[in-house]
Amino acid sequence: MEIGSELYRKTLLTITGNSLVEKLTLKYGKKLAGKFIAGQELPEAIDAIRELNGKGIMATLDHLGEGIKSMREAEGYRKEYVRLVQAIAAAGVVSNISLKPTQMGLALDPQACYENIRLVVKEAQQCGNFVRIDMEDTPFTQATIDIVKRLHAEGLTNVGTVIQAYLHRTRQDIEDMIEAGIRLRLVKGAYKEPAEVAIQKKSAVIDNFKDMIRTHLDRGIYTAVASHDDTIIDWTKKYVEDNGISKDAFEFQMLYGLRMSYQAELARQGYRVRCYVPYGAMWYPYYTRRLAEKPANLMMVLKNMFN
Ligand code: FDA
């Protein structure tokens, strides 16, 4: 089963321009992607967050975009992020923001990317908000960590990043970032990575994930456990209960459109829950990763496609 599902994931993650799924997705896109995306425009996303807040769920807002082709595009995203930080403050909703470094130009011009992110983080600081820098694939791991460390060194501490349990380097990165006082979201890892850099066995990734959670909780460091997996969620609930750790010491995070009623249920149980809310026109790569993660997501799409 593990081998089969890993093959499925790899196959979808290597989808190319001529694949059937890509063609169908692009053709029927907006309707299908709507399950995972809060809308194409910012006001729709703010409405979605307001609804989540009504259920006791916090949000992190993501303007979709990655792998851009010019720094002009990066500038457009930077302006949009400044606008959405201001919109969150104006609407009075409970949400921080998540952005991708390649969206801000990391692959094209690292210094200009740093300046773009810095402007967003500064605006967020003025609005009392927090910025999460998503972690992309391994060509960008070190550069992303360096950006976050540099921002902290400049006194911009309202920024954190993400650590992926599947990477061999993760244990060392966690220690470094805890040392630097950087807040982390913990995830399994969503990209196709080779065995030289990433653990391939699912059960070993889960063991590493638990280890990362334990490292944070035992030291009283606030963290975000981002997973839909009951193995991880139930383990965390039991660990905090067994060790007398407060429910305020961490938060669960899940993606918009996945396990929505369970997100509300966790909030009712008194856990801090944050939903990752993406919006915007550049939904395709995000959407493909969601399909790759879980066969049921693809089945849901295929069912919707024909009714
Ligand atoms: P996974 O997909 O591995 O599923 C494991 C099990 O969980 C399933 O077998 C099932 O039992 C249960 N399950 C999963 N989905 C379910 C559903 N919809 N309904 C019922 N049961 C379900 N990655 C990255 O590389 N960089 C990043 O910055 C981020 N950021 C991020 C933010 C947030 C808020 C989340 C939730 C995730 C990310 N990720 C990420 C993605 C992450 O790395 C990972 O790819 C996905 O979360 C999928 O792994 P899971 O642990 O969620 O479950």
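Reply: Setting aside neighbours within four places in sequence, Val277 is in contact with Ala38, Ile49, Leu52, Ala59, Thr60, Leu61, Asp62 and Tyr256. The model is predicted, and the values that follow are computed from it.

Val277 belongs to the largest nonpolar core, which has 82 residues. Leu61, Ile97, Ile117 and Val277 are the members that touch the most other members. Helix H4 (residues 71–91) gives this core its largest share, eight residues. Another core, of 11 residues, lies apart from it and includes Leu258, Tyr276, Tyr286 and Leu291.

For the chain as a whole, 55% of the 307 residues are buried. The chain has 12 helices and eight strands. Among contacts between residues at least 6 apart in sequence, 72% join residues at least 24 apart. The accessible surface is about 13700 Å², and carbon and sulfur atoms account for 54% of that area.

Next comes helix H10. This helix spans residues 260–268, and its buried residues are Tyr262, Gln263, Ala264, Leu266 and Ala267. They pack against helix H9 (230–242), strand S7 and strand S8 (273–279). After H10 comes Gly270, with a positive phi near 95°.

S7 leads on to the ligand. Strand S7 (250–255) supplies three residues to the shell around the ligand, the largest share. Strand S4 (159–164), strand S5 (184–187) and helix H11 (284–293) are also among the elements that each supply at least two. The shell holds 23 residues, of which Lys188, Gly189, Ser227, His228 and Glu293 come nearest to the ligand. Sorted by class, 10 residues of the shell are nonpolar, five are polar and eight are charged.

A polar side-chain atom of Ser227 is 2.7 Å from an oxygen atom of the ligand. For Gly189, a polar backbone atom lies 2.7 Å from an oxygen atom of the ligand. At Met135, a backbone N or O atom is 2.8 Å from a nitrogen atom of the ligand. On its own the ligand has 950 Å² of accessible area, and the protein covers 81% of it.

Asp229 sits in the loop between strand S6 (223–226) and H9. Not counting residues up to four places away in sequence, Asp229 touches Lys188 and Ile206. The side chain of Asp229 also reaches the backbone nitrogen of Thr231, at 2.9 Å.

The other is Ala165, in the loop between S4 and helix H7 (170–179). Ala165 has 0% relative accessibility, so it counts as buried; the cut-off for that class is under 20%. Beyond its neighbours within four places in sequence, Ala165 is in contact with Val187, Lys188, Ile199, Val205, Asn208, Phe209 and Met212. Ala204 is 39 residues from Ala165 along the chain, and their C-alpha atoms are 9.0 Å apart.

In brief, Val277 is a member of the 82-residue core, S7 takes part in the packing of H10 and in the shell around the ligand, and Lys188 is touched by Asp229 and by Ala165.

How values were computed
Residues are numbered from 1 along each chain as its sequence is written. This is a predicted model: local features need pLDDT of at least 70, side-chain atom pairs count only at pLDDT 80 or more; totals for chains, interfaces and linings use all residues. Side-chain values use heavy atoms; hydrogens and water are left out. A residue is near a molecule or strand if one of its heavy atoms lies within 4 Å of it. A polar contact is a pair of N or O atoms within 3.5 Å; within protein, one must be able to donate a hydrogen and the other to accept it, and residues adjacent in sequence count only if both atoms are side-chain atoms. Accessible areas come from the Shrake-Rupley method with a 1.4 Å probe; for residues, only the protein chains shown count as cover. Helices (H or I, at least four residues) and strands (E, at least two) are DSSP runs, numbered from the N terminus. Ala, Val, Leu, Ile, Met, Phe, Trp, Tyr, Cys and Pro count as nonpolar, Asp, Glu, Lys and Arg as charged, and the others, Gly among them, as polar. Buried means under 20% relative accessible area, exposed over 50%, partly exposed in between (1.4 Å probe, protein chains only). Contact means heavy atoms within 4.5 Å. A nonpolar core is a set of buried Ala, Val, Leu, Ile, Met, Phe, Trp, Tyr and Cys residues joined through side-chain atoms within 4.5 Å.
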